Amino acid sequence: MNKAFVKETEQDDDDDVVQAPAIPAGSKNYMTPAGYQRIKDELLQLIDVERPEVVKVVHWAASNGDRSENGDYIYGKRRLREIDRRIRFLTKRLDLAEVVDPSVHHGSDQIFFGATVTYANQHGEENTITIVGIDEFDPLKGKVSWISPIARTITKAREGDLVTLHTPTGVEELEILEVSYPAPGN
């Protein structure tokens with residue numbers, strides 16, 4: 001059947017959405033204060049700025065008459081669905097959020113949520129990572145999710161400890177070299 005005769009629904013658009021990592025059952029959505037603020041800022045930007053602008057464009061495009069070939073109208077309605085979907089997602093994530101301030105552990109040498117950890121592998125290569133929430137991870141910036149295998153392996157270890165990380169390529173020994181937390185008030 002010709003695509004022009006098939007009604008597009010919101011469900012069709014949902015198939016293209018990349019899902020965020022799931023929160024483990026029975027767990028909370030742990031976030032740093034900075035991560036919580038970033039998501040809250042994005043939500044407010046969508047609600048207060050982007051959505052009203054798109055609504056204006058759709059309203060203007062709808063007033064131009066024929067909507068079937070009106071690109072501004074079609075694109076605007078699609079963009080509104082994307083914005084509304086993102087607003088729902090962010091709202092759910094913030095509702096489940098458990099903000100954990102890593103600065104409470106400032107001065108500690110034990111690894112918990114929010115720690116910045118420098119470790120060396122068995123080849124002597126050093127890496128530095130920060131354990132953050134599921135919605136904050138960014139491997140290119142050294143931020144790993146608290147549910148990642150590396151974070152689960154090193155959590156509760158201390159400076160100087162040797163830990164065993166099981167990877168798809170085998171077992172790797174890691175030595176914890178340094179553990180730091182942000183200072184209170186930062």
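What does the accessible surface of the protein come to, and what share of that surface belongs to carbon and sulfur atoms? The accessible surface comes to about 11900 Å², of which 52% belongs to carbon and sulfur atoms. Accessible areas come from the Shrake-Rupley method with a 1.4 Å probe, and for residues only the protein chains shown count as cover.

The model is predicted: local features need pLDDT of at least 70, side-chain atom pairs count only at pLDDT 80 or more, and totals for chains, interfaces and linings use all residues. Residues are numbered from 1 along each chain as its sequence is written, and side-chain values use heavy atoms, with hydrogens and water left out.

## Overall architecture

The protein contains 4 helices and 7 strands; these are DSSP runs, numbered from the N terminus, with helices (H or I) of at least four residues and strands (E) of at least two. Along the sequence, their pattern is α-β-α-α-β-β-β-β-α-β-β. Of the 186 residues in the protein, 32% are buried (buried means under 20% relative accessible area, exposed over 50%, and partly exposed in between, with a 1.4 Å probe and protein chains only). Among contacts (heavy atoms within 4.5 Å) between residues at least 6 apart in sequence, 60% join residues at least 24 apart.

The table sets out two of the helices. The expected span of a helix is 1.5 Å times one less than its number of residues.

| Helix | Number of residues | End-to-end C-alpha distance | Expected span |
|---|---|---|---|
| Helix 2 | 30 residues | 42 Å | 44 Å |

An α-helix has 3.6 residues a turn, so residues three or four places apart point the same way.

An open sheet of 5 strands has the order 5-4-3-7-6, with mixed pairing. Its edge strands are strand 5 (143–145) and strand 6 (162–167), each of which pairs on one side only. From one strand to the next, the twist averages 45 degrees. Two strands pair if DSSP finds at least two bridges between them.

Strand 3 (residues 116–120) pairs with strand 4 (residues 126–132) in the antiparallel sense over 5 bridges, and Tyr-119 stands opposite Asn-127 in strand 4. These two strands form a hairpin with 5 residues between them, and Gly-124 in the turn has a positive phi of about 85 degrees. Strand 3 also pairs with strand 7 (residues 170–180), again antiparallel and over 5 bridges; here Thr-118 stands opposite Glu-178. Strand 3 is mostly covered, as 4 of its 5 residues are buried.

## Phe-112

Phe-112 lies in the loop between strand 2 (97–99) and strand 3. Phe-112 counts as partly exposed because its relative accessible area is 23%. Leaving aside neighbours within four places in sequence, Phe-112 is in contact with His-105, Ile-131, Lys-156 and Tyr-181. Ile-131 is 19 residues from Phe-112 along the chain, and their C-alpha atoms are separated by 7.8 Å.

Definitions and conventions:
Axes are lines fitted to C-alpha atoms, for helices over the stretch in contact, and angles run from 0 to 180 degrees between N-to-C directions.
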